[in-house]
Amino acid sequence: MGHRSVPHTADVRVEAWAPARERCVAEAVAGLVGSFAEVPADSAGQTVEFRVDPGTDEDMLVAVLDEVIFRMDTEGRLPASADVAAVDGGFEVRLRMADPDRIEVVGAVPKAVSLHELRFAPGADGWSCAVTLDV
């Protein structure tokens, strides 16, 4: 289970992997945030919850990451951690938002999730995904 950022031409590519689909989405959230900010794990405060409607695995992954970017743009807040659960064919997502005063921006801030080269699928060792973030 984990995630990493990979350099990509004028963008950032995030790869994540985990034994379960929902945990892979949570790792992708951590990868998105980690691609441009340092958020101490002990800075979590308010919890935000939302649901993602049923769709393809790729569409639901993008919906979760888009919501994180939306909250960053509109509220200036980032998740210190994420929990994702399967509910009625979709996802229920719980983000523990970090105290904005403890976030340190260290890279280019993503503006959107690109659908180009989007990948999210099970494999022999669990689930993996890769997304390109437009910065």
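Modeller: Start with how elements are named: strands are DSSP runs of E, at least two residues, numbered from the N terminus. On that basis Asp 88 lies in the loop between β5 and β6 (90-98). Keep in mind that this is a predicted model.

Colleague: Why is Asp 88 called exposed?

Modeller: The cut-off for exposed is over 50% relative accessible area. Asp 88 has 67%, so it counts as exposed.

Colleague: Where does Glu 117 lie, and is it buried or partly exposed?

Modeller: Glu 117 lies in strand β8 (residues 112-123). It also has a positive phi, about 60°, without being a glycine. Glu 117 has 44%, so it counts as partly exposed.

Colleague: Why is the pair of Phe 120 and Trp 127 called tilted?

Modeller: A search of the whole structure finds one aromatic pair. The ring centres of Phe 120 and Trp 127 are 5.2 Å apart, and pairing asks for centres within 6.5 Å. The planes make 55°. Under 30 degrees would be stacked and over 60 edge-to-face, so the label is tilted.

Colleague: How do you know that Phe 120 and Trp 127 are buried?

Modeller: Buried means under 20%. Phe 120 has 2%, so it counts as buried. Trp 127 has 17%, so it is buried too.

Colleague: What makes Arg 4 and Glu 15 a salt bridge?

Modeller: The N to O distance is 2.6 Å, and the limit is within 4 Å. Therefore the pair qualifies. Arg 4 is in strand β1 (residues 2-8) and Glu 15 in strand β2 (residues 11-18), so the bridge ties together parts 11 residues apart in sequence.

Colleague: Which parts of the chain does the bridge between Asp 57 and Arg 21 link?

Modeller: Those side chains meet at 2.7 Å, N to O. The pair links distant parts of the chain, with Asp 57 in helix α2 (residues 57-75) and Arg 21 in helix α1, 36 residues apart.

Colleague: How many residues separate Arg 23 and Glu 27?

Modeller: Four, about one turn of the helix, and both lie in α1. Arg 23 has 31%, so it is partly exposed. Glu 27 has 8%, so it is buried.

Note on methods: Residues numbered from 1 in each chain as written. Predicted model: local features only at pLDDT ≥ 70, side-chain atom pairs only at ≥ 80, totals over all residues. Heavy atoms only, no water. Phe/Tyr/Trp six-rings, centres within 6.5 Å; stacked < 30°, edge-to-face > 60°. Buried < 20%, exposed > 50% of the residue type's maximum accessible area, 1.4 Å probe, protein only.
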